[in-house]
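These are my notebook entries on a structure that I looked up for the first time. I set down each point in the order in which I checked it.

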Amino acid sequence: MTDHLAQPAPAGDAGSEDIFGHLHPSTGAGRADGPGNFDAHHPPDKDLLDDCVHCGFCLPTCPTYALWGEEMDSPRGRIYLMDLVREGSASFDDQLVRHFDTCLGCMACVTACPSGVQYDKLLESMRPQIERHHERSWSDRTFRELVFALFPHPRRLRLAAIGGLAYQRSGLPRLLRRGRFLDRLPARLRALESLLPPIRARDLVADPPERVAAVGTPRRRVAVLTGCVQRVFFSGVNAATVRTLAAEGCEVLIPPDQGCCGALSMHTGREPEALTRARDTIATFERYDVDTIVVNVAGCGSTMKEYATLLRDDADWADRAAAFSAKVRDVTEVLAELEPRAPRNPIEGRVAYHDACHLGHAQGVRAAPRAMLATIPGLEVVDLPEAELCCGSAGVYNLLEPEAAADLGRRKVANVRSVQPDVVATANPGCLLQIRRHLGEQAPPLLHPVELVDASIRGVSPLG
C-alpha cells in the first residue's frame, strides 16, 4: 500500500454523485438468509449505513486516507462498499476485503463525524461477516492463527518472553542488524521482532497479590484487569495502578485466574472467540463484590464496556453483561473522579500525552487523563500535533499490516519529537510498543499516565 503514498484528496462536495465513480464492485449471487451477500447474523444495519451523507469531514482524521488518499480506504468509501454488499452487487472478494483489513478501527471518524455515523458498530458488524465468508490465503491464515495462539494467552506469552529475554541478552539482535539479515525476513516477522520491548527477568515472575488494602479510610472497592500483554511486558503499569488506587483509598482486588477479555478477537472479527472470552471474564469478576472494574488498557476497556452489545443475543448472559459493563472504568476515569488524598511530589518536566484511540475515540475519555496528570505539581502536559491520527498500533494491526503501521508510527514519532518532551505518556501498551519502536534508542521515557502519578506519590523520578 505504501507504493502509492499520496497527499489526501479533496474532501469533495456532500452532494457530488461521482466521488465513488471509480469504484467497480464485483457482482455477487446473494445469500438466501441475509440481505444481499451478507448472512442474517447482524449484518451492517441499513439505517446506520444511510446515516452517512458522504460529507468528507472524516477524511482528514482517517489514517489510511491520510496515507494514500484512496476513497475506498476512507470511512465513507468503506461504508459505500458495505452498502454494495448489502445490495448484492459486491461480494467478499480479495479486493473488497483488503479495504477493510487496512482499516485500523481507530474510530477517529466517529469523533469527527457531524452526522453521528456509528462507524464503530458498522465495522464490528462487517468484520465477522468477512471472517465467515472470505477464504484467506494459507500464509495469512497461518500468521493470524500464530498471533491468536500467542497474544491472548498470558502463560504462553510469558514463555515466549523468556525466549525473547535470552535473544536480547545474547547480542544476536545487533549481529543480525549489522549483517542486514533481518531485512530479508517477511515484513510481518520483521515487525514482530522490532516490537519486542526490553524484557526484565523480574517482570516475568511478578504476580500481584489477590487483595491490597486501602490506605486510610476505604472509599471504594475495585477489581483490576491485569491484561495479557500488559501483565507480561508492562507489569510495572499494573503495580503502579494498584499502588495508586490503594493510596487514594481503594481496596483493590486482583482476580488471579482472569484471562483474556476478548478485545483482540472482537476487533479482528473473530466473534465466537470474543464471545467465549467475554463470558469467562464476566464470570471471573462476578465472584468479587466491587463498585468498579478498573482497566488500564484502552483496547480492553473499550471492549469490556461493549459486552452488553456483544452478548445481546444470549438470554443467559445479556443482563449479566450489561451489569458488568456498567461497572467498567478506565483507571484515569477513576482517579479523576476521586479527590486526591495522597500527597503529590513535584515532577519538573514536560510530558507529551498521546491519546490512545480506544480511549479517546472509542470511549470518549480525554479529559480524565489530563485532569489526573494535572494533580502532579511541576508537570507540564502538552498535546501532540495531529493528535487524532492513530500511531499505527491498533491491537495487532502493526503485525498484520506492518508497512502501513510503520508509516503511521514514523509520522506519530515526528509529532512527538516536535514538542521536545522529557517523557511520553499514553494509556495503552500497544501504543507504548509502537512509539518506542520508532523513537529508537535515544527515546525519552515512555510511560502509562498512572506511572507518573505513582512516581509523584512515591517521590521518585520517572524521567530516567
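I began at Gly440, which follows directly after helix H24 and takes a positive phi of about 85°. Helices here are DSSP runs of H or I with at least four residues, strands are runs of E with at least two, and both are numbered from the N terminus. I noted that this is a predicted model, in which local features need pLDDT of at least 70 and side-chain atom pairs count only at pLDDT 80 or more, while totals for chains, interfaces and linings use all residues. Residues are numbered from 1 along each chain as its sequence is written, and side-chain values use heavy atoms, with hydrogens and water left out.

I then asked how far H24 itself is buried. Buried means under 20% relative accessible area, exposed means over 50%, and partly exposed lies in between (1.4 Å probe, protein chains only). Among the buried residues of H24 I listed Cys431, Leu432, Leu433, Ile435 and His438. Their cover includes helix H23 (402–418), strand E6 (349–354) and strand E8 (423–426).

I next looked up positive phi values in residues other than glycine. His54 has a phi near 60° and lies in the loop between helix H1 (46–50) and helix H2 (63–68). His54 is partly exposed, at 22% relative accessible area. Glu386 has a phi near 50° and sits in the loop between strand E7 (379–383) and H22. Glu386 is likewise partly exposed, at 29% relative accessibility.

I turned to the sheet. Five strands form an open sheet of mixed pairing, in the order E1-E3-E2-E4-E5. Two strands pair if DSSP finds at least two bridges between them. Strands E1 (211–212) and E5 (328–330) stand at the edges with a single partner strand each, so one side of each has no neighbour in the sheet. Strand E4 (residues 292–295) pairs with E5 in the parallel sense over 3 bridges, and Val295 has Asp330 in E5 as its bridge partner.

Last, I recorded values for the whole protein chain. I counted 25 helices and 9 strands. Of the 464 residues, 56% count as buried. The C-alpha trace spans about 65 × 55 × 40 Å along its principal axes.

How values were computed
Contact = heavy atoms within 4.5 Å.
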